[in-house]
Amino acid sequence: MLKKAALLGIIAALVAAFFVFDLNQYLTLTGLKESVDEFSEYIDQNPVLSISVFFAIYVAVTALSLPGAAILTLAAGALFGLWLGLLLVSFASTIGATLAFLSARFVFRDTVKKRFGEKLKKIDEGVEKQGAFYLFTLRLVPVFPFFAINLLMGLTSLKTRTFYWVSQLGMLAGTLVYVNAGTQLAQLDSLSGIVSPDLILSFVLLGIFPWIAKAIVTIVNRRRVYKGYQKPASFDRNLVVIGAGAGGLVTSYIAAAVKAKVTLVEASEMGGDCLNYGCVPSKALIKSAKVASQSANASRYGLTDTPIAISFKQVIKRVHEVIATISPNDSVQRYTELGVDVVKGYAKIVDPWRVEITRDDGQVQTLTTRSIVVTTGARPFVPPLKGIEQSGYVTSDTMWNVFCDREHAPKRLVVLGGGPIGCELAQAFSRLGSQVTIVEQAKQIMGREDAEIARFVTDTLEASGVTILTGHKAGQFSQKSETRQLQVTHNDERKTIEYDEVIVAVGRKARLEGFGLKELGINFDRTIEADEFLQTRFPNIYAAGDVVGPYQFTHVASHQAWYAAVNALFGTFKKFKVDYRVIPWTTFVDPEVARVGLNETEAKEKNIDVEVTRYEFAELDRAVTESARQGFIKVLTPPGKDKILGVTIVSEHAGDLLAEFVLAMKHKLGLNKILGTIHAYPTWAEGAKYAAGNWKKANSPESLLNWVEKYHTWRRK
C-alpha cells in the first residue's frame, strides 16, 4: 500500500511540476517552431546526448500521460529526419505507454478488481481471447486517446509483452504520418493540417481492416473444419435435435413454433431424466415423506403425534402415478401435434449435416439437416470402487424400478454422496423408516454452499434421524453371508458400515458416447466443448443442457435451449451469447435451501467486498402460524448499496420465495424496489420485504435523521 501511495505521489509531483514550471509551452506547435533552429544547432554539436535526452523526454511525457506527445513526434521529424525520428518515436512512445500501462496496473487494478470483480472478470476473459486484436484496432485509429488506452488496458489482465509488441506495431502507421509531417514543419499552421478528414477516414478504414481480416480467417477456418465433408445440395430438415429431455423438448418446440422443419430423436423416455428419474419422482417421494413426518410430529400443530403405517410399495406406486400424470405434457403425441417430427430410436451424427437414426423397429434412416443440437443429458456417475458392481447399488435413475416391489423402505440405507441429491433422498428415506447413513468424502455436505448452510442442513438431517459421516472416504464393498458391508476411511482409521441397500449419489456424468462426437473430432472431456453461443467446433452443431454444462439443472437446460434453437436457425443473421448471470437453484430438503448469485464463501474467494443482510423467519407471522420458524434470508449487496449480488434462503417454500429475488437481479432492481412493493399479509413472501427493510434500517442516513429530529423538536416549540 505504501509503495502504491509513493508511486502515485511521485507521478502527481512530476505532473504538477510540468504545469507549475510552464513546461508545456515547449510542447505547442508555436513553441516548437520558435525553438527548432536553436535545438537543431545544439543537436549538431551534441548528437548522442541530444538523441538520449529527447528519447528520455518522450518516454517521460508518454509515461506520465502529459499533453504534447503529438508535438514531440513532429519535433522528431523536424530535428532528426524521417527515419531516425521514426525509430526514436516508435520505441520511446511504446516504452512510455508500457510504463503508463504498468503504473495503472500497479496502483489501481486491485482496487478496481475489488469493486468491479465480476465485470472485470468478464472483461479479462474477453481480453484473454481477443486482447491483442482489440488493442491493435484501437492503436490503428487515432480517434481513441493514446493515454486513455494505456491506462485502461493496465486495468485488464493483458500480458505486458503483448501490450508492448501490439502497441509498437499498431502505432507505427500513425507515428510515420506525424514524423513525416515534422520534416515539413515550416509549412504547418496547425495540427489539423496533419490529421485531415481524409487521413482520419483512412485510419478508420485501416482500423476496420483487422475485423475484415478476422471475418476472412473465420471463413477460412470454417472451410478447414468442414474439409473432407460433402455438404448436401438441399436438406431434409432445418434442425435435428438428439435427446428429448428438457433441453431437447424446448429446442424442438421453439423450432416448430417458428415453422422450421425439425426432428427430435429419443432412444429412451420422453421427458428425459428430470421427468422419469430425477426432479419429478424425487419430489413426489419427498412429499410423501414430509406428510409422514408431519403426522409423526403432529403435536407441533396442537394435535396428537400419530406415527402412521407406511406402505413403501404404495409410496413408490404414487411416484409412478405422478410421472404418468405429467408425462402427456412431454409425450410423442403432444410434440407431434406441435409440429415436431418425433422419432424413437438411436441417433448418430455421421457428418456435420447428416444424422443416422436407428429406429426402435430396426429401420435405419439418414436425414440431412442444416443444423444439429445435441441434448443428450447426463447419467449418475458411479465411482470405480472395489466391489461396487457386486454390491447391488442403485442410483437416482434406477431406484424407482428396483424399489417398486418393496413393501418397506430399506432398513439400513447408505447414501454415497452428500450433495443435493444425496441429502434430499437421505431425509426422505429416513422419514419413511430407513436408518440412513450419508458417506461424504468432503469436510461438509452441500459443498457448494456456505459452511453455515451446510451446518444448518446437517442439523436438520440429523434431527430427521440421518447419520452423517463427513470426511469419510468410501473404500471397498463386500458381502459376508447375508450382510453387505462398506469399508470407509476417516483420518487413516478404517471402519465398516453394514447396510441393506446403497444409493450412489456422487454426481452426474454427461452422456457423450455413441452419438458420433468422437468420430467427428468434437472435443469433450467431462462435457462437450462449446463456445458462448453453444457451438461446437462445427458451427452448425450445437449442444445444450447437462451434456455441455456448466450447470446441471433442468431450468438451465431449458434456458440454453432457447439460445441453441435461435442460434441454430437464425445464426446467419444474429447470434446470441448465453446469459448465465442469474442462475437460481434449490435443494429440496425440509426446510428447503435456495440460492441465486453469490454466497459469502464465493465473495471471499473472489475478493468481493459485500454487506450481508439477514432476516430470520422466526419473526415472520406466517411462519409462526405454521410452526415453521426455522430458517432465514441472507442477502449480499455492495457496502452501502441496495444492488443484489446474491441471496440464500433457508425455509419452507424457499425455492418459490427465491423467484422475487431472481426477477430483481435479472432486471437490476434493488432492495429499495422490493421494500416499496406491497406484499400480501400474512404470506411467506413478506420475508423478502422484511429482509429489504433490515437492509434499509442498517443503511439509514443518520446525519439526515439528526437534522430531521431537530426540525421536529423546533416544530414542537
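## The largest cavity

The lining of the largest cavity is made of five nonpolar, two polar and one charged residues. Keep in mind as you explore that this is a predicted model. The lining residues are P380, S396, I421, V504, A505, V506, G507 and R508.

The structure holds one cavity of 30 Å³ or more. Rolling a probe the size of a water molecule over the atoms is a way to show where empty space is left.

## Two packed helices

Next, find helix α13 (residues 279–296) and helix α14 (residues 312–326), which pack at an angle of about 135° with their axes 9 Å apart. That angle makes α13 oblique to α14. The crossing of α13 past α14 is right-handed.

Which residues meet here? From α13 come V280, P281, A284, L285, K287 and S288, and from α14 come V315, I316, R318, V319, V322, I323 and I326. Sorted by class, this contact of α13 with α14 has ten nonpolar, one polar and two charged residues.

## Details in the loops

Now look at the backbone. A cis peptide bond links G549 to P550, with omega about 0°. P550 sits in the loop between β16 (541–543) and α20 (554–570). D590 and P591 are also joined by a cis peptide bond, with omega about 5°, and P591 is in the loop between β17 (584–587) and β18 (592–597).

Where does M446 lie? M446 is in the loop between β9 (435–440) and α18 (451–463). M446 has a phi near 50°, a positive value in a residue other than glycine.

Notes. Residues are numbered from 1 along each chain as its sequence is written. This is a predicted model: local features need pLDDT of at least 70, side-chain atom pairs count only at pLDDT 80 or more; totals for chains, interfaces and linings use all residues. Side-chain values use heavy atoms; hydrogens and water are left out. On a 1 Å grid over the protein atoms alone, a cavity is a set of points where a 1.4 Å probe fits but cannot get out, and a pocket is an open set with protein on both sides within 12 Å along at least five of seven lines; lining residues have an atom within 4 Å of a point. Grid points are joined across faces, edges and corners, and a volume is the space filled by probe spheres set on the points. Ala, Val, Leu, Ile, Met, Phe, Trp, Tyr, Cys and Pro count as nonpolar, Asp, Glu, Lys and Arg as charged, and the others, Gly among them, as polar. Axes are lines fitted to C-alpha atoms, for helices over the stretch in contact, and angles run from 0 to 180 degrees between N-to-C directions. Helices (H or I, at least four residues) and strands (E, at least two) are DSSP runs, numbered from the N terminus. Angles under 35 degrees count as roughly parallel, over 145 as roughly antiparallel, 65 to 115 as roughly perpendicular and the rest as oblique. A crossing is left-handed if the near helix is turned anticlockwise from the far one by less than a right angle, and right-handed if clockwise. Contact means heavy atoms within 4.5 Å.
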